[in-house]
Amino acid sequence: MLHWFQALLPKEERFFELFARHSQVVGAGAKALRGMLDGGDAIAHNYKAVMDREHEADDITREVLIAVRRSFITPFDRSNVKDLITSMDNSIDQMQKTAKTIMLFDQRTFTSQQKDMADCIVSAAALVQEAVALLDKINSNAGRISRLTEQISQIEGQADELHDLGLQELYRANQPSNSMAFFVGVEIYDHLEKVVDRFDDVGNEIQGIVLESV
């Protein structure tokens, strides 16, 4: 009877599969958001892709949280499992907010800095995906994971610089009269920066798990 009951419980390996699936969905969302910043006709279908990926990510997050409640054994501390999947989900939630802002203000063109920040988002998502794939053998992969999280932090710093430079150029281009264009540009810059910040949060969560596990 006990063997039968244990067979129904989520396996530890299932968490790694769910983390990997979520990171793949986030990566696809990041590419779709970057596609929106190509402007013009690319905006609408990439917007739908961002929305669809966000819904997929929510479903996976729900699976993880249910599995945490059902499982006797988790790959690492339960709070760390919850914090990791929540931080990953926050990244694509922020992408969704960014995409909605672009649609709300009917923005059709984007600055080079905004596109570069979106490239940072794609790069950070790829690093997260790579780091998550290494978590199932965390002890032997600790060094590599730590280097990946450092790269995510470096990307966050690059995005901050792009944000500040972009705001300066936006201000110069729109003073003194075009206040609406400046306002919309600021909103998009701030949302893009927040997406990168959320990936930095994911990197910090992963690094925290590494430090507790080795």
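1. **Asp 106.** Asp 106 sits in the loop between H4 and helix H5 (112-133). Helices here are DSSP runs of H or I with at least four residues, strands are runs of E with at least two, and both are numbered from the N terminus. Asp 106 is not a glycine, yet its phi is positive, at about 50 degrees. Its relative accessible area is 55%, so Asp 106 is exposed. The cut-offs are under 20% for buried, over 50% for exposed, and partly exposed in between, with a 1.4 Å probe and protein chains only.

2. **Basis of the values.** This is a predicted model, where local features need pLDDT of at least 70 and side-chain atom pairs count only at pLDDT 80 or more, while totals for chains, interfaces and linings use all residues. Residues are numbered from 1 along each chain as its sequence is written, and side-chain values use heavy atoms, with hydrogens and water left out.

3. **Confidence.** The mean pLDDT of the chain is 93. Of its residues, 94% reach 70 or more. pLDDT is the predictor's confidence in each residue, from 0 to 100. Among the elements, H5 has the highest mean, 98. Helix H1 (residues 2-8) has the lowest, 44. Over residues 1-10 the pLDDT is below 50, and this stretch has seven contacts in the model beyond near neighbours in sequence. A contact means heavy atoms within 4.5 Å. Where pLDDT is low, the predicted coordinates should not be read in detail.

4. **Overall layout.** The chain has seven helices and zero strands. From the N terminus on, the elements run α-α-α-α-α-α-α. Taken along the principal axes, the C-alpha atoms fill a box of roughly 75 × 30 × 20 Å. Buried residues make up 47% of the 214 residues. Among contacts between residues at least 6 apart in sequence, 82% join residues at least 24 apart.

5. **Helix H5.** Does the span of H5 agree or disagree with its 22 residues? It agrees: at 1.5 Å a residue the helix should span 32 Å, and its end C-alpha atoms are 32 Å apart. The expected span is 1.5 Å times one less than the number of residues. Buried residues of H5 include Met 117, Ile 121, Ala 124, Ala 125 and Val 128. An α-helix has 3.6 residues a turn, so residues three or four places apart point the same way.

6. **Nonpolar core.** The largest nonpolar core holds 63 residues. Such a core is a set of buried Ala, Val, Leu, Ile, Met, Phe, Trp, Tyr and Cys residues joined through side-chain atoms within 4.5 Å. Phe 19, Leu 84, Met 95 and Phe 199 touch the most other members. H2, H3, H4, H5, H6 and H7 each supply at least two residues of this core. H7 gives the most, with twelve.

7. **Phe 199.** Not counting residues up to four places away in sequence, Phe 199 touches Val 26, Ser 91, Met 95, Ile 121, Ala 124, Ala 125, Val 128 and Ile 152. Among these, Ile 121, Ala 124, Ala 125 and Val 128 are buried residues of H5.

8. **Aromatic pairs.** The structure holds four aromatic pairs. Rings of Phe, Tyr and Trp (its six-membered ring) pair if their centres lie within 6.5 Å; planes under 30 degrees apart count as stacked, over 60 as edge-to-face and the rest as tilted. Phe 19 and Phe 76 are stacked, at 6.1 Å centre to centre and 5 degrees between the planes. This pair links distant parts of the chain, 57 residues apart: Phe 19 lies in helix H2 (residues 12-36), Phe 76 in the loop between helix H3 (42-70) and helix H4 (78-104). Phe 19 is buried because its relative accessibility is 0%. Phe 76 is buried too, at 10%. Ring pairs link Phe 16, Phe 19 and Phe 76 into a cluster.

9. **Tyr 171 and Phe 182.** Tyr 171 and Phe 182 form an edge-to-face pair, with 6.0 Å centre to centre and 75 degrees between the planes. Tyr 171 is in helix H6 (residues 138-174) and Phe 182 in helix H7 (residues 179-213), eleven residues apart. Tyr 171 is partly exposed, at 46% relative accessibility. Phe 182 is partly exposed at 29%.

10. **Ser 71.** Ser 71 is in the loop between H3 and H4. Its relative accessible area is 2%, so Ser 71 is buried. Its side chain reaches the backbone oxygen of Ala 67 at 2.6 Å.

11. **Arg 53.** Arg 53 is in helix H3. Leaving out residues up to four places away in sequence, Arg 53 touches Val 25, Ala 28, Gly 29 and Ile 92.

Terms used: Polar contact = N/O pair within 3.5 Å; in protein donor to acceptor, adjacent residues only side chain to side chain.
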